[in-house]
Amino acid sequence: MNIKILQETIGYSFKDQSLLDLALTHSSYLQGHKASKVMCNERLEFIGDGILDSVVGIRLYQQLDQAEEGELTKVRAGIVCERSLAKIGRQIKINQYLKLSRGEESLGGRDKDSIIADSVEALIGAVYMDGGYEVCEELILRLFDQTIKEGEEHKLAKDYKSLIQETLQKRGTIKDLKYVVTKEEGPSHDKTFYVSLLHSGKVIGQGVGKKKKDAEQLAAKAALEKGGLK
């Protein structure tokens with residue numbers, strides 16, 4: 001794939017092309033290449049995650065001037081979740097440019113939400129490192145424009161963890177709520193997390209996801225759907 005096409009798609013041309021290459025390198029690719037783990041996109045993903053939260057948070061603060069902190073947090077969570085990131089990643093076709101191991105490729109890694117979402121965060125991190133905050137902010141607001149609007153209009157998926165917290169806060173039993181990872185499966189670059197949601201020591205919901213926060217959301221959703229808080 002011609003990497004220039006991706007840069008044209010996102011409307012940003014890298015001065016340091018090695019940063020873009022790094023953003024597109026999944027940790028599985030290092031297998032058999034005798035490379036250090038710092039040569040994959042995980043560190044850039046860490047940077048991108050923080051920048052994304054910052055830019056979206058400031059935008060919501062400015063646009064939803066009547067919303068309280070809890071509401072802003074819920075809306076942002078829907079905008080920056082794995083599902084939304086993966087959707088944007090597919091729109092810019094970032095998955096077509098990823099460097100994966102043959103094993104990951106054979107397992108359908110190029111179309112996994114978790115891998116696509118992580119690569120979008122890494123791309124954001126790479127743009128920040130290459131062009132600075134203002135350039136990165138412009139990129140995020142351009143790529144996430146429709147998703148942010150849907151969030152502001154409350155059209156995104158519900159934040160089940162917040163719904164449970166609100167319910168328990170009203171009862172004064174929020175301190176009895178706990179998310180516990182009961183099992184982890186798979187290699188470090190493609191883990192699956194199993195999470196149980198406990199209330200007063202009792203399991204009220206369980207969830208499975210490629211990220212802990214997604215497994216927690218599914219556990220909270222299960223608890224609400226099964227009436228585990230009654």
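**Close-up views of salt bridges, cores and loops**

**View 1. Arg-110 counts as partly exposed, at 21% relative accessibility.** Here buried stands for under 20% relative accessible area, exposed for over 50%, and partly exposed for the range in between, computed with a 1.4 Å probe on protein chains only. This is a predicted model, in which local features need pLDDT of at least 70 and side-chain atom pairs count only at pLDDT 80 or more, whereas totals for chains, interfaces and linings use all residues. Residues are numbered from 1 along each chain as its sequence is written, and side-chain values use heavy atoms, with hydrogens and water left out. Arg-110 forms a salt bridge with Glu-105, the closest N and O atoms lying 2.6 Å apart, where a salt bridge requires a side-chain nitrogen of Lys or Arg within 4 Å of a carboxyl oxygen of Asp or Glu. Glu-105 is likewise partly exposed, with a relative accessible area of 35%.

**View 2. Lys-99 and Asp-21 meet through their side chains in a salt bridge (3.2 Å, N to O).** Because Lys-99 lies in the loop between α5 and α6 and Asp-21 in helix α2, the pair ties together parts that are 78 residues apart in sequence; helices (H or I, at least four residues) and strands (E, at least two) are DSSP runs, numbered from the N terminus. Lys-99 is partly exposed at 25% relative accessibility, and Asp-21 is partly exposed at 39%. The structure holds 14 salt bridges, and Arg-90, Asp-111 and Asp-113 are linked in a network of them.

**View 3. Ile-140 and Phe-144 touch the most other members of the largest nonpolar core, which has 42 residues.** Such a core is a set of buried Ala, Val, Leu, Ile, Met, Phe, Trp, Tyr and Cys residues joined through side-chain atoms within 4.5 Å. Helix α7 (113–131) is among those that each supply at least two residues of this core, and α7 gives the most, with 9 residues. Not counting residues up to four places away in sequence, Phe-144 touches Leu-52, Ile-79, Leu-85, Ile-88, Val-120 and Ile-124, contact being heavy atoms within 4.5 Å. A second, separate core of 11 residues includes Ile-164, Ile-204, Ala-219 and Ala-223.

**View 4. Ser-200 has a positive phi of about 55° although it is not a glycine.** Ser-200 sits in the loop between β2 (192–199) and β3 (202–209), and Ser-200 is exposed, with a relative accessible area of 54%. Lys-93, also not a glycine, has a positive phi of about 60°. Lys-93 belongs to the loop between α5 and α6 (102–106) and is partly exposed, with a relative accessible area of 45%.
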